[in-house]
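User: I'd like to learn how to read a few features of a protein model, going from overall shape down to single residues. Can you walk me through one?

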Amino acid sequence: MFTIQTLDPTAEILSTTRGQLLLQRGVKTDSVSYIESGRVALGMFEGGLLEHQIGVLEGPCWLDASSAVLGLPHLTDAVADSPVLLRQVSLLAFRQGISDLPESARAVLTDVAMAHRRQTEFAVSRLAKDAEARCAEWLLSHARPSEQGLMAVELQQRKRSIATQLGIAPETFSRVLRHLREQSLISGTGRVLNLVNPNALRSLAGV
């Protein structure tokens with residue numbers, strides 16, 4: 001296969017500090033990074049922190065080359081977990097390097113990239129399910145009988161504070177609540193949330 005030196009031996013080394021965001025999920029970049037040295041954590045970056053980590057890369061290696069091979073946006077955020085030295089090549093040069101490979105090598109590379117992406121998609125989906133389980137458990141533990149005869153939760157704290165307790169981002173908490181409403185598991189959009197289907201919530205929470 002090819003290395004950063006074969007694609008662009010003149011690529012400058014970039015020095016990054018710990019905590020620096022190197023890639024953003026959902027974004028399709030015009031360059032591909034190669035980790036010369038250092039450690040990079042992969043996961044969900046929210047509020048200036050990597051709240052959910054699903055993997056670590058140690059240089060020397062490519063940083064999410066699978067997305068570049070497939071021409072797709074990044075599935076996760078990447079954050080420097082130590083001082084990191086990077087080299088970058090243009091996406092055009094990277095894909096040209098792929099096209100220069102024998103057809104059999106290109107086929108293997110594409111298959112490996114697709115398998116890696118499916119694994120990453122599974123890991124990301126598990127994070128979302130874990131967030132739903134934590135939210136469901138929190139709702140059940142804070143529920144009290146309401147005047148309508150339903151179990152209900154009165155939000156006495158800001159959603160940001162509740163999200164912090166659950167170890168998720170405020171945006172994730174809001175998204176999970178919206179998803180639970182769409183599934184008719186809860187109702188209400190103000191400070192009171194009705195538990196429409198407590199049994200389903202218990203199943204979701206695993207209790």
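This is a predicted model: local features need pLDDT of at least 70, side-chain atom pairs count only at pLDDT 80 or more; totals for chains, interfaces and linings use all residues.

User: What radius of gyration would a compact globule of 207 residues have, and what does the protein have?

Analyst: The rule puts a compact globule of 207 residues near 17 Å, but the protein has 22 Å. Look at the C-alpha trace too: along the principal axes it spans about 70 × 35 × 25 Å. Buried residues account for 39% of the 207. As for what the chain is built from, there are seven helices and twelve strands.

User: How do I read the contacts between residues at least 6 apart in sequence?

Analyst: Ask how far along the chain the partners sit. Here 72% of those contacts join residues at least 24 apart.

User: Now helix packing. At what angle do α4 and α7 pack?

Analyst: For any helix pair, get the angle and the axis distance, then look at who touches whom. Helix α4 (residues 103-141) packs against helix α7 (residues 198-205) at about 130°, and their axes are 8 Å apart. Angles of 65 to 115 degrees count as roughly perpendicular and those over 145 as roughly antiparallel, so α4 and α7 are oblique to each other. The crossing of α4 past α7 is left-handed. On the α4 side the contact uses Glu132, Ala133, Ala136, Glu137 and Leu140, while α7 brings Pro198, Leu201, Arg202, Leu204 and Ala205. Sorted by class, that contact has seven nonpolar, three charged and no polar residues.

User: And how do α4 and α5 cross?

Analyst: With helix α5 (residues 159-166), the axes come within 10 Å and cross at roughly 115°. The two helices are therefore roughly perpendicular to each other, and their crossing is right-handed. Arg134, Cys135 and Trp138 in α4 meet Ile162, Gln165 and Leu166 in α5. By class, that contact has four nonpolar, one polar and one charged residues.

User: Let's zoom in on one residue. Is Ile35 buried or exposed?

Analyst: Check the relative accessible area, where under 20% means buried. Ile35 has 0%, so it is buried. You'll find Ile35 in strand β3 (residues 31-37). Leaving out residues up to four places away in sequence, Ile35 touches Val40, Leu57, Gly59, Pro60, Cys61, Leu63, Val84, Leu85 and Leu86. For a sense of distance, Ile35 and Arg191 are 156 residues apart in sequence and 47 Å apart in space, C-alpha to C-alpha.

User: Where are Asp64 and Ser184, and what is phi for Asp64 and for Ser184?

Analyst: Asp64 is in the loop between β6 and α2 (65-70), and its phi is near 50°, a positive value in a non-glycine residue. Ser184 falls in the loop between α6 (170-182) and β11 (186-187), with a positive phi of about 60°.

Methods:
Residues are numbered from 1 along each chain as its sequence is written. Side-chain values use heavy atoms; hydrogens and water are left out. Axes are lines fitted to C-alpha atoms, for helices over the stretch in contact, and angles run from 0 to 180 degrees between N-to-C directions. Helices (H or I, at least four residues) and strands (E, at least two) are DSSP runs, numbered from the N terminus. Angles under 35 degrees count as roughly parallel, over 145 as roughly antiparallel, 65 to 115 as roughly perpendicular and the rest as oblique. A crossing is left-handed if the near helix is turned anticlockwise from the far one by less than a right angle, and right-handed if clockwise. Contact means heavy atoms within 4.5 Å. Ala, Val, Leu, Ile, Met, Phe, Trp, Tyr, Cys and Pro count as nonpolar, Asp, Glu, Lys and Arg as charged, and the others, Gly among them, as polar. The radius of gyration is taken over C-alpha atoms; the globule rule is 2.2 Å times the number of residues to the power 0.38. Buried means under 20% relative accessible area, exposed over 50%, partly exposed in between (1.4 Å probe, protein chains only).
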